[in-house]
Amino acid sequence: EEDEDELIGLIDTEAVFTAATLSDWGHTTAREGDIKFVFGIGKAKWAPAILTTVREIILSNAAAFHQLFIYYSSCNGDSTSNMFSLDKEAYSLMISDSEISKDDDADIDTEERQDLDVTFVAVNKICATDEVLEEQKRAKATGDDDGGRNILTLNRYEMIEWMVRMGLAWYPEKSFDQAVRTFVEQNLLEGLKRKTLSKEDGWICGPLHDANAFRRQFCYCEETCLVLQKNKETLKALYSVYAFGDGDMHCKLNKATKMAFEEFLAFLDDMHWVEEISPRRIGLIFAWSRMLTIDEYRDRAKNVQINFEDFLEAIVRIASVKALPTPADMQRFECENNAGLFLKKAVDDEFTDEFGVNYERWIEQTEAKQCASGATGGSMGPIWERLRSLMQVIVFKVQDGAAKTPRYPYVKLTEADVTAFRKRDKGPAQASDDD
């Protein structure tokens with residue numbers, strides 16, 4: 001087994017951000033070891049000193065660059081598994097959130113928006129590999145629109161290409177390095193910082209969410225670790241059963257020892273939590289819980305899957321947004337301090353009499369309070385308390401759904417329990433706990 005003390009240090013360090021950005025930079029400016037400038041400026045103009053200066057500007061914003069990329073590339077979680085690059089919709093959302101404009105005192109005009117969109121398309125054409133281009137041709141010939149979507153997305157190194165090109169397009173009067181700095185820092189990142197601080201979406205996170213700060217404050221603390229340790233066997237059983245893959249050891253993207261997004265989504269769907277948490281948040285939870293991949297181009301499997309330690313973080317993040325009863329709620333409803341028993345009683349008429357609302361409305365109200373209080377606690381309780389309740393609910397739902405006699409008040413799940421739950425006859429689609 002892995003040394004638990006070592007897991008406390010699972011953060012994306014500054015060195016990791018730097019290494020990942022250098023990898024992206026390398027893919028942007030070189031192919032197969034031969035320098036090939038794709039910035040569209042002309043090889044003669046890119047003196048080594050200028051190229052180095054521009055690279056340092058990108059590196060100085062490495063953490064923010066990866067934070068924004070993770071946030072917007074996960075926008076596709078509600079419609080497709082291709083959630084590791086920016087498609088046109090995610091790109092447009094980023095432009096809107098950043099309130100980007102050449103003039104700080106004015107909204108973006110038609111010409112500026114056209115510059116942004118033309119550059120998005122241009123970068124796709126320049127950076128597309130032969131394999132992607134062939135796939136696009138095949139999709140066009142067969143009428144398979146989804147098959148060629150990769151050519152209309154930006155991956156990380158293409159995003160760097162886009163930022164450099166936009167700086168040069170909008171600020172031709174400036175030196176190359178100052179043009180890039182102005183666009184990246186003053187146009188793009190400044191607006192996203194405002195968006196992050198405003199918390200307009202009613203959640204505790206935003207486009208520049210610091211995943212490391214969340215880990216240090218809420219995951220790597222004694223109380224959270226004790227709850228995870230107590231539930232280690234249950235969590236391992238959940239991970240092992242849902243990270244099923246297809247057993248093909250020759251396919252790194254479909255390993256049975258790693259969990260893909262579709263498998264994570266299947267777990268939450270079986271819990272009937274997708275609608276409650278929302279597909280957008282689920283995509284973010286999955287993306288934020290992954291450790292940063294240094295070379296996304298050559299190590300795509302690592303970039304699209306989570307390991308067990310990542311899964312633990314995802315569970316903690318779910319506890320920060322899932323509507324869960326507080327100890328006071330459970331005491332009020334005589335549930336023996338067990339959230340699973342609370343859930344069992346939630347469909348009774350007595351619940352409406354006691355709380356004044358039905359269970360579905362209670363979920364909405366509790367989730368709103370939970371988001372307002374954040375993971376720090378407040379009236380909704382600290383994160384470790386929520387995590388304990390979440391694990392009680394998971395145990396209850398798996399045992400109940402697997403048609404076994406629930407073993408109250410609290411037990412560990414085995415792989416056999418989880419397998420029976422996953423393979424049960426699910427009947428009509430269910431959207432929430434109270435169906």
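The side chains of Thr-153 and Ser-85 are joined by a polar contact of 3.4 Å; a polar contact here is a pair of N or O atoms within 3.5 Å, where, within protein, one atom must be able to donate a hydrogen and the other to accept it, and residues adjacent in sequence count only if both atoms are side-chain atoms. The model is a predicted one, in which local features need pLDDT of at least 70 and side-chain atom pairs count only at pLDDT 80 or more, while totals for chains, interfaces and linings use all residues. Residues are numbered from 1 along each chain as its sequence is written, and side-chain values use heavy atoms, with hydrogens and water left out.

Thr-153 lies in strand E4 (residues 153-154). Helices (H or I, at least four residues) and strands (E, at least two) are DSSP runs, numbered from the N terminus. With 4% relative accessibility, Thr-153 counts as buried, a word that stands for under 20% relative accessible area, with exposed over 50% and partly exposed in between (1.4 Å probe, protein chains only). Phe-84 is 69 residues away from Thr-153 along the chain, and their C-alpha atoms are separated by 9.4 Å.

What does the chain look like as a whole? It contains 23 helices and six strands, and 51% of its 435 residues count as buried. In helix H22 (residues 383-401), 15 of the 19 residues are buried.

Helix H10 (residues 211-219) packs against helix H17 (residues 308-321) at an angle of about 80°, with the axes 11 Å apart. Axes are lines fitted to C-alpha atoms, for helices over the stretch in contact, and angles run from 0 to 180 degrees between N-to-C directions. H10 is therefore roughly perpendicular to H17, a label for angles of 65 to 115 degrees. On the H10 side, the contact (heavy atoms within 4.5 Å) is made by Ala-211, Phe-214, Arg-215, Phe-218 and Cys-219, and on the H17 side by Glu-313, Val-316, Arg-317 and Ser-320.

Two loop residues also deserve a look. Glu-99, in the loop between helix H5 (88-98) and helix H6 (110-127), has a positive phi of about 50° although it is not a glycine. At 56% relative accessibility, Glu-99 counts as exposed. Ser-278, in the loop between helix H14 (274-277) and helix H15 (279-289), has a positive phi near 95°. Ser-278 counts as partly exposed, at 21% relative accessibility.

Notes:
Angles under 35 degrees count as roughly parallel, over 145 as roughly antiparallel, 65 to 115 as roughly perpendicular and the rest as oblique.
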